[in-house]
Structure formats: structure tokens, C-alpha cells
Amino acid sequence: MTTERTWLPSSSHWGAFRAATDPDGTLHVEPHPADPAPSPLLGNLAGTVRHRTRVRRPAIRRGWLEGGPGPTGARGSEEFVEVSWDTALDLVAEQLERTRREHGNEAIFGGSYGWSSAGRFHHAQSQLHRFHNTIGGYTASRNNYSFGTSQVLLPHVIGSTDALLQHADSWQTIREHTDLVVAFGGLATKNLSIASGGITRHTGSAALRDLGTDVAVISPLADDVPPGSSWYPIAPGTDVALQLGLAHTLLTSGHHDQDFLERCCTGFDVFADYLLGERDGTAKSAEWAAGICGIDAADIRALAARMAAGRTLITVSWSLQRTEHGEQPVWAGLALAAMLGQIGLPGGGFGHGYGSMADIGDDAPVLRPPTLPLGRNPVSTFIPVARIADLLLNPGQQYDYDGQRLTYPEIRLVHWAGGNPFHHHQDLNRLRRAFGRPDTVVVQETHWTATARHADVVLPATVALEREDVGAGRRDSHLIAMHQVLDPIGEARDDYDILAGLARRLGVHEEFTEGRSPREWLVHMYEQWRSGLVAQGHDIPPFAEFWAAGDVRIPDVPRRAPLVAFRSDPQQNPLRTPSGRIELFSATIDSFGHPDCPGHPAWLPAQQRRGGPLHLIANQPSTRLHGQGDVGAVSQRAKVAGREPIRIHPQDAAARGISDGAVVRVFNHLGACLAGARVTEDVRPGVVVLATGAWFDPQPDPLRPGETLCAHGNPNVLTADVPSSRLSQGCAGQHAHVEVERYDGPVPALRSSEPPPLADS
């Protein structure tokens with residue numbers, strides 16, 4: 001007899017879906033019926049939620065449990081002792097109280113960063129920040145790893161990031177109005193599976209296939225190029241040189257829009273002098289650019305002519321600003337678009353992030369989903385998010401950030417939830433040393449990630465399918481009722497329940513919970529969201545109807561194209577810049593005096609060139625979201641000999657005696673890892689590609705006593721922990737220089753796919 005499955009709705013960062021279980025517990029997942037192009041990443045779910053690496057009970061590192069809090073190099077190497085929830089929460093509450101009393105709330109780092117759940121209530125970072133705000137605050141982090149450099153630059157030069165990220169022209173608008181898209185950094189369809197908070201209808205990949213518009217893609221990687229596009233296989237890290245060569249060509253051929261530059265921009269005269277070489281004696285001509293970027297000068301001039309001949313959209317991927325001097329490709333791309341004079345026209349001007357995230361170019365409404373109120377952080381101290389290792393290693397050290405001179409506080413306790421810095425961060429060997437500095441590290445986690453393994457106290461958290469929530473992205477077509485599908489594994493608890501337990505011990509339970517259960521919070525958040533829309537005349541069902549239906553279509557709201565009003569009348573609709581206009585020269589940035597970020601777009605060669613002859617690109621994976629789902633079926637099928645695949649050109653492979661499928665050692669002055677070779681012409685000669693997200697697995701190198709390597713293939717053992725510039729202090733982990741060699745020794749078994757040694761208390 002066959003039992004009919006009961007399908008329940010849920011959502012994730014890679015799409016809305018329905019899930020059901022068989023009597024034996026087997027999980028089945030199918031995409032939301034409204035999704036025209038479901039993400040293959042849904043295939044990771046079934047193998048992930050019940051994986052053996054799930055954290056099942058509270059666990060405490062033995063050295064901390066027996067010896068007490070304090071700095072140590074043992075984090076990441078000792079066994080854990082499983083304890084009761086009461087014991088774990090009592091110990092964490094005691095250390096929180098001790099840290100506050102002896103060192104102040106500034107000594108607590110609660111700047112937890114990571115994608116966590118797509119749910120709006122059980123969003124781990126939000127829960128953690130709300131909790132710490134109720135107990136006096138914490139040192140926070142600011143911006144993000146994805147486009148943190150742009151988050152600092154763009155307000156200076158165009159007034160905000162919202163016009164480009166929240167209100168980008170849709171693919172439909174581009175189809176109707178654009179003659180040419182010039183995509184610096186490519187248009188990688190793999191990234192169109194993902195949107196922060198979720199996405200119900202994946203429309204981007206289909207839109208790219210049927211765009212009907214000429215597309216010129218500037219990237220060293222063939223898989224960044226949609227079918228039918230023109231490919232300019234640029235040398236990695238040289239996009240700014242090409243942008244300047246194009247700008248010089250427009251200027252000297254008279255194809256720039258002087259009227260737009262005078263009405264809507266400031267500082268073009270300074271930028272033009274730089275292009276012409278009036279100050280440094282070097283004209284940024286097509287010939288000059290060709291010698292740097294590897295694109296023929298005639299092709300550069302021809303591309304400039306194509307750009308000037310019709311409606312052109314210049315777009316820069318987020319990946320290009322995750323490098324040294326990452327401000328420059330964004331600023332130079334904006335300057336190039338300003339010279340064409342089409343900013344504020346439908347389908348023209350400048351875009352940032354097309355091909356980087358599914359909701360950039362989506363045609364769904366821009367409408368804020370329900371959110372959990374966080375309260376106010378009484379502590380003003382913060383760090384740029386990518387400076388976590390500097391924070392822990394260098395208390396008292398001063399650094400520059402956005403025109404300020406700031407000082408790293410001394411952190412005694414780290415409290416992390418819903419994120420994995422051992423995925424996001426660079427130079428993981430340095431990060432390991434940094435995690436040895438605090439007195440106490442507390443991590444709330446679903447799985448035994450590298451971050452959990454480097455903690456003192458690990459508190460097991462539920463995954464989204466083990467609780468109720470509501471889900472939607474910032475530009476989603478539906479709000480999803482995320483029903484509970486599975487019972488929590490082991491003794492796992494919701495982050496809300498964990499923090500409520502700590503709040504009770506610290507005397508702030510009522511303030512943190514406001515007397516509401518998780519379901520009552522969902523109703524409260526939904527009804528607040530609903531009341532605002534009903535007041536605008538929209539018909540939104542009450543919570544009970546929404547929950548029973550499984551989702552509600554988010555109503556259409558009036559759309560506004562980016563910078564249309566500004567273009568029509570810059571005097572009446574100024575930007576939030578000092579001049580009220582687009583700043584091609586920023587007197588503010590120039591006044592900071594940073595040689596790594598001058599007052600106008602400029603070619604600044606990278607300084608971190610040592611490490612090897614091959615240029616490594618550490619891009620986003622196609623088989624998972626960052627590190628999430630790495631133990632799932634889709635991610636595991638892509639492994640080579642159990643390791644993360646590294647793509648290498650046949651010429652480079654032959655010169656090193658490397659065959660397809662071989663295990664190789666990838667190394668530089670910072671560290672080493674093992675990977676599985678994929679020999680392919682989809683990369684330029686001299687370039688290798690090793691995606692991020694393989695779970696960090698540090699082990700002794702059997703061939704090199706005293707040395708450590710990541711046995712799994714995490715490229716962040718190879719990327720330098722340096723900022724994009726002193727202006728933004730953003731992540732610069734996209735590129736590195738490495739050598740690759742055959743690994744002929746015994747290949748270490750992976751430890752990251754198993755839990756660490758565990759003992760009973």
C-alpha cells in the first residue's frame with residue numbers, strides 16, 4: 001500500500017520549495033510550482049539535513065571545560081565533551097556576565113556574519129544581535145564580504161548603493177531598450193540560482209538566454225559568458241586598464257557626452273587629465289591598455305565604437321571589487337557609463353551585480369519583507385566585516401576606514417551564530433591563530449563546520465526544515481510560509497530558544513522575547529507587514545489564511561528606474577553626494593590621502609603578486625551556496641578524488657605533468673591545499689580556478705613534516721588577508737598567485753566530513 005506524501009512549503013536562499021518525508025524518514029524536495037527554472041542546489045538538501053556532521057548535543061572543548069577560559073592554540077585540535085543544555089547555558093551565561101563585568105560589553109564580539117536561514121524570524125544574526133542589544137551591546141561588524149568595498153565607495157560617488165542594487169533595471173527593460181551590455185567580470189549563470197532571503201521565481205538564466213541584446217563579456221573564464229555573447233578573455237585583475245583604455249578612446253574620438261558630464265557630474269576635468277596623461281605622462285590609450293590586459297588595441301577601439309553607437313549598459317560584477325584596489329573597477333565602470341551619457345535612461349548607464357545575484361535584474365517588486373526588530377546597540381565600536389582576524393590579533397592597533405581613524409578593541413568573548421568565517425575569510429592559517437586569542441568562543445551551529453571546531457562551546461541549532469518561519473528575499477515574488485517538516489535532530493534547539501535561555505539566566509528574558517513564542521512572533525511580524533500593505537490598498541490575507549495556503553503573492557508596487565529623476569533635473573533631484581552629482585573626482589576621498597584609493601578612478605597594479613606563476617581565481621561555486629550544502633549530493637558529485645576541483649589550462653597542466661583527475665597540491669607563501677585537477681580550455685593559460693566553500697580540513701602534510709595543508713581544497717588558505725584599500729577595508733580574497741604540482745604522496749583521508757572526537761561528560 002502506497003502512502004500519499006504530505007507536501008509542506010518552505011524556502012531557502014536558492015529557492016522556494018516543497019518537502020515531504022516517507023515513513024522511514026527519507027526527505028523529498030520539489031521546487032515551488034511557480035518557479036520556471038529551479039535551482040539544482042535543492043538537490044543538496046536531502047543529504048545535508050541529517051548528515052553525520054550535524055551537531056546533536058551541546059559540546060564543550062575539553063581544555064576550556066577543565067582549564068577555564070583563556071587564550072590558547074588548542075582550538076581546532078582538541079576533543080569535545082558533550083554536556084546537558086543546562087550546563088552549557090549556565091557556563092555561557094556566566095562568561096557573558098564575567099566579560100561584561102570585568103571588561104565591558106565592547107569586549108564581546110557579536111558581529112556574527114553569514115547567510116544562515118532564509119527565514120525572516122529565525123535569522124541567526126538578527127536573533128543574536130537582538131539578544132546582545134538587550135544585555136548592553138557588543139562590538140559589531142559593518143558591511144559584507146559580497147560587495148563591502150562598493151558599500152563604502154558608492155555613497156561617496158553616487159550617493160547610495162540602493163539605486164544600483166535595489167532598483168536595477170530588469171532584464172525585461174534591458175531586452176526592450178538596450179543595444180549592448182558590456183559586462184566586466186562576466187555574467188555567470190551559476191550565480192543566478194541564489195538570492196539573499198530566497199527567490200521563488202528564477203528568471204535570470206532564461207532572461208540571459210533570450211535577451212536579444214548584444215552582450216560583450218570581459219572575463220578570463222569561459223563559463224562567465226552566456227551563449228551568443230562576445231568574449232574578451234582578459235588577463236585577471238586588469239579590468240581597470242581596459243576601462244580606462246575605452247574611456248580614453250571615447251574622449252579622444254569625441255564620443256563622450258559633454259552635456260551630461262557638465263549637467264550631472266563633477267570632476268570630469270580631473271579624470272580627463274588623468275586619461276590624457278597630463279599629470280603622470282602616461283596616456284591611458286587603447287595601446288597602453290592592451291599591454292596590460294591582453295586585449296588587442298584594435299578590439300578595444302572597436303568595442304568603444306560599439307558602446308557609443310547605441311543604448312549601452314555597463315555592468316561590473318561584485319567579484320571585481322573583492323580584490324586589492326577593488327574600488328577602482330566599480331568607479332571606472334561608472335565613469336565610463338557617465339561618459340556615454342546614458343545614466344538614467346531605461347536599459348542604459350551603469351549596473352552593479354548583474355550575474356552576481358539572482359535578484360539583480362529580477363522583475364519582482366522591491367518590497368521589504370517582514371523583519372524582526374533588533375533594538376539599539378549601546379556600543380558604538382565596530383569593525384569592517386573583513387577585518388575579523390586583525391581585530392582579534394591586534395587589540396589597540398589603529399587603522400583607517402572611510403575617513404576615520406579607528407582602534408581595534410580587545411575582544412575577550414566571541415559569540416557567533418549562523419555563519420562560518422572559515423569559509424568567508426582569507427588566510428585561514430592566520431584566522432586560526434586569531435581564534436586562539438579570545439578567552440571564550442561560543443558558536444551556535446547546525447553542523448560541525450570549521451568554525452564550530454574552533455569554538456570552546458558549541459550549541460546545536462536547528463535547520464530551517466526543523467522549525468516554522470516566513471521567507472522572502474528583498475526582491476521576491478512571494479512570501480513563503482515555511483512549515484516545519486522534520487523533528488529537530490538530537491537535542492538541537494532554535495537560535496531563539498537558545499538565546500531565550502541565556503536571556504533568562506541574565507535577567508532579560510521578557511525584554512528579549514516580549515512574551516512571545518516563535519509562532520506568536522511570526523503572526524506579529526506578518527500582521528505588521530500586512531497592515532502596511534492593506535493601508536496602501538492591497539488585498540493581503542490574514543496570517544491563518546496565508547499559513548494554510550503556503551504562500552502569498554507579493555503585490556506589485558510602483559517601480560522606479562535608477563536615477564531617472566536625477567537625470568531629468570539634477571538641481572531639483574540631487575544625489576546624496578557633496579556636490580549633489582556623480583563624482584568622477586571626489587574631493588572627500590582625495591582629502592583622505594590614501595595612496596591605495598586616490599580621488600578619481602585610476603590604474604593601481606596589485607601589490608600581492610608573490611606566491612607563484614599561476615593566477616588563482618577563488619570564485620563562487622556552482623554546486624552549493626558558499627560552504628552550505630558541501631556535504632550534499634550535488635556538491636559531492638562535482639568533487640575530484642573527493643577534493644574540490646581546480647580548473648587548469650591544458651598548456652599549464654602539461655608543463656607540470658598533471659593529468660585530468662589527478663590530485664594536486666596548490667601552494668604559495670601563505671599555505672597549501674589538495675585539489676582534484678580538471679584540465680580544460682575554459683580558462684586562460686596562466687589562470688587556475690578553485691571555487692570557495694570546500695569545508696576547511698587542516699591536516700599535517702605527509703610529505704612535509706611540520707607543514708599543514710587543507711586536505712579538502714579550500715582556496716582561502718592561499719588568499720591574503722589584506723584589505724581592498726584603506727578607504728573601505730573590504731574583502732580582497734578573489735585572487736591569489738600560486739603554484740600547482742602533482743601530489744604523489746599518500747592522500748590524507750578527509751576529516752571535515754566527520755564530527756570531531758566527542759566524549760560524554
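## Ground rules

In this predicted model, local features need pLDDT of at least 70 and side-chain atom pairs count only at pLDDT 80 or more, while totals for chains, interfaces and linings use all residues. Residues are numbered from 1 along each chain as its sequence is written, and side-chain values use heavy atoms, with hydrogens and water left out.

Let's start with strand S2 (residues 15-21), where five of the seven residues are buried (under 20% relative accessible area with a 1.4 Å probe, protein chains only). Strands here are DSSP E runs of at least two residues, numbered from the N terminus, and two strands pair if DSSP finds at least two bridges between them.

S2 pairs with S1 (residues 8-12) in the antiparallel sense over five bridges, and Leu8 has Ala19 as its bridge partner in S2. Two residues separate S1 and S2 in their hairpin. S2 also runs antiparallel to S3 (residues 27-31), again with five bridges; one of the partners is His28 in S3, which bridges to Ala20. The hairpin of S2 and S3 has five residues between the strands, and Gly25 takes a positive phi near 95° there.

## The largest pocket

A pocket is an open set of points on a 1 Å grid over the protein atoms alone, where a 1.4 Å probe fits, with protein on both sides within 12 Å along at least five of seven lines; lining residues have an atom within 4 Å of a point. The largest pocket is lined by 45 residues, with His123, Gln125, Asn144, Gln151 and Ser196 nearest its centre.

## The second largest pocket

Here 20 residues form the lining, and Gly76, Ser77, Arg453, Pro698 and Arg751 lie nearest the centre. Strand S29 gives the most to this lining, with three residues.

Terms used
Buried < 20%, exposed > 50% of the residue type's maximum accessible area, 1.4 Å probe, protein only. Helix = DSSP H or I, 4+ residues; strand = E, 2+ residues; numbered from the N terminus.
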